[in-house]
Amino acid sequence: MAYTVTPTPVGPVGSQYCVCKVELSVCGQNLLDRDVTSKSDPFCVLFMEVNGKWMEAGPRSSPSRGGSSSGPPEAVCVVLLDRTETAVNNLNPAFAKKFIVDYHFEEVQKLKFALFDQDKSSMQLYEHDFLGEFSCTLGMIVSSKKITRTLLLGNGKPAGKGMITIAAQELSDNRVITLSMAGRKLDKKDLFGKSDPFLEFYKPGDDGKWMLVHRTELELECINPKKQKKKKNYKNSGIIIVKSCKVTRDFSFLDYILGGCQLMFTVGIDFTASNGNPRDPSSLHYINPMGTNEYLSAIWAVGQIIQDYDSDKMFPALGFGAQLPPDWKVSHEFAINFNPTNPFCSGVEGIVQAYSACLPHIRFYGPTNFSPIVNHVARFAAQATQEEAASQYFILLIITDGVISDMDETRHAVVQASKLPMSIIIVGVGNADFAAMEFLDGDSRVLRSYTGEEAVRDIVQFVPFRDFRNAPKETLAKAVLAELPQQVVQYFKHQNLPPINSEPA
């Protein structure tokens with residue numbers, strides 16, 4: 001996996017995004033038979049949603065249109081040509097052609113797989129019979145590694161018994177070779193003093209040019225071709241010895257995800273009085289006629305991406321800084337669905353519903369204490385370490401409007417959490433001074449507890465929502481999730497935990 005710095009203004013300058021290539025393999029089962037005298041001749045087309053439109057994935061572009069009375073309902077802008085080969089007379093095809101897609105963790109990449117029965121040599125999709133389609137996100141595929149789903153017709157009904165299976169694989173070689181080498185009796189090349197030898201290993205690339213690589217022979221002679229021609233008794237210019245050779249794997253974020261690691265998502269919401277009365281349009285918790293506010297925007301931005309990496313999509317949603325019925329005591333760690341034994345919400349939609357439902361039933365109060373919720377998630381992260389496997393990583397999203405009241409306790413909680421499979425994302429809403437939040441984000445300095453203990457690693461990412469009010473909605477997610485893949489890999493590598501079911505080097 002490569003981490004590349006984006007040159008465009010779509011994200012914070014200098015931030016790194018998780019980018020790699022994923023190979024998608026497609027199989028069909030029990031496809032509809034559209035031919036009278038023979039079986040269907042299916043092929044599969046991959047569409048990606050770009051700016052709200054479905055586009056056929058591929059390197060070359062040509063305007064076209066897809067869909068017909070029996071085909072997909074959307075009008076699509078087609079970018080040719082990336083589709084599988086045609087499987088002749090086959091209702092259960094395993095397509096040899098693979099789809100290669102750039103994977104961006106911090107983006108919602110919507111894909112659609114549509115199957116057609118080829119009737120003519122035309123490239124226009126409406127010239128072929130539609131066999132069914134399936135839509136999902138790339139995150140959903142890689143988090144499961146392989147999925148099998150029902151194919152649907154344009155009216156949303158099942159395409160007979162038709163099914164589609166999609167498998168994902170990262171296109172990279174994560175093996176790392178470590179060589180320990182020594183030279184013996186090398187030629188003296190310097191007039192005053194001994195030679196300063198170094199080795200260069202090359203191999204020819206696909207373009208015919210030589211690329212610097214390595215060799216793994218146990219013992220190599222240094223042969224000087226010019227000396228070999230001039231001197232008949234020339235043997236060598238010294239000996240190079242490979243003392244040791246070790247092959248290991250440098251696992252990537254996607255290696256861990258494809259290996260079955262689940263991202264466990266929890267939301268912590270600030271209900272302190274400084275937010276204002278939620279019935280007042282000036283309140284940060286006021287839900288506008290469009291059905292949103294800055295709290296909801298932050299929940300959607302992060303949650304819609306993270307939810308693809310949790311198989312059951314049940315997320316705890318907690319609140320802090322409010323007085324709760326019936327005794328109106330202040331709580332800094334309460335379930336917003338008012339079910340302390342089961343604070344889980346079904347998907348991001350469930351979090352949004354629980355948030356909207358709880359607003360009329362609580363009293364905004366204070367202070368702004370982070371440590372109870374940080375410690376709450378840390379307890380579950382600590383339990384996960386007992387498995388001694390790269391199976392779970394916890395992500396806490398805290399959305400707040402103001403200055404932290406329990407900074408010493410929060411610093412201590414974050415330092416302790418840095419030892420666990422856990423990251424914290426803080427989104428600051430409103431126009432308050434968020435200097436304390438920047439202090440927790442250890443990008444420029446090592447965070448220390450009030451005891452002087454240093455954080456093992458930087459696990460906090462803070463962004464002020466105001467910087468993204470006028471930006472595309474995807475930009476916030478890119479900013480807050482930019483560091484997460486590296487944090488996941490950093491933790492599991494530090495613990496010497498390979499991905500589950502990883503292959504030996």
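**The loop that holds Trp328**

Trp328 is placed in the loop between β17 and β18. Strands such as these are DSSP runs of E with at least two residues, while helices are runs of H or I with at least four residues, and both are numbered from the N terminus. The model is predicted, so local features need pLDDT of at least 70 and side-chain atom pairs count only at pLDDT 80 or more, whereas totals for chains, interfaces and linings use all residues. Residues are numbered from 1 along each chain as its sequence is written, and side-chain values use heavy atoms, with hydrogens and water left out.

The backbone of Trp328 has a phi near 60 degrees, a positive value in a residue other than glycine. Because its relative accessibility is 28%, Trp328 counts as partly exposed; this term covers values between buried (under 20% relative accessible area) and exposed (over 50%), computed with a 1.4 Å probe on protein chains only. The charged end of Arg363 sits over the ring of Trp328, at 3.8 Å from the ring centre. For such a contact, NZ of Lys or CZ of Arg must be within 6 Å of the ring centre and within 35 degrees of the ring normal.

**Cis peptide bonds**

Pro325 and Pro326 are joined by a cis peptide bond with omega of about 0 degrees. Pro326 belongs to the loop between β17 (322-324) and β18 (329-331).

Another cis bond runs from Gly366 to Pro367, where omega is near -5 degrees. Pro367 is found in the loop between β21 (363-364) and α6 (371-384).

**Positive phi at Lys145**

Lys145 is not a glycine, yet its phi is positive, at about 70 degrees. This residue lies in the loop between α1 (138-144) and β8 (146-152). With a relative accessibility of 44%, Lys145 counts as partly exposed.

**Aromatic pairs**

A pair of aromatic rings is described by the distance of the centres and the angle of the planes. Rings of Phe, Tyr and Trp (its six-membered ring) pair if their centres lie within 6.5 Å; planes under 30 degrees apart count as stacked, over 60 as edge-to-face and the rest as tilted. By this rule there are 16 aromatic pairs. In one of them, the ring centres of Phe43 and Phe116 are 5.7 Å apart and the planes meet at 20 degrees, so the pair is stacked. Because Phe43 lies in strand β3 (residues 42-50) and Phe116 in strand β6 (residues 110-117), the pair ties together parts that are 73 residues apart in sequence. Phe43 and Phe116 are both buried.

Ring pairs also link Phe251, Tyr256, Tyr393, Tyr491 and Phe492 into a cluster.
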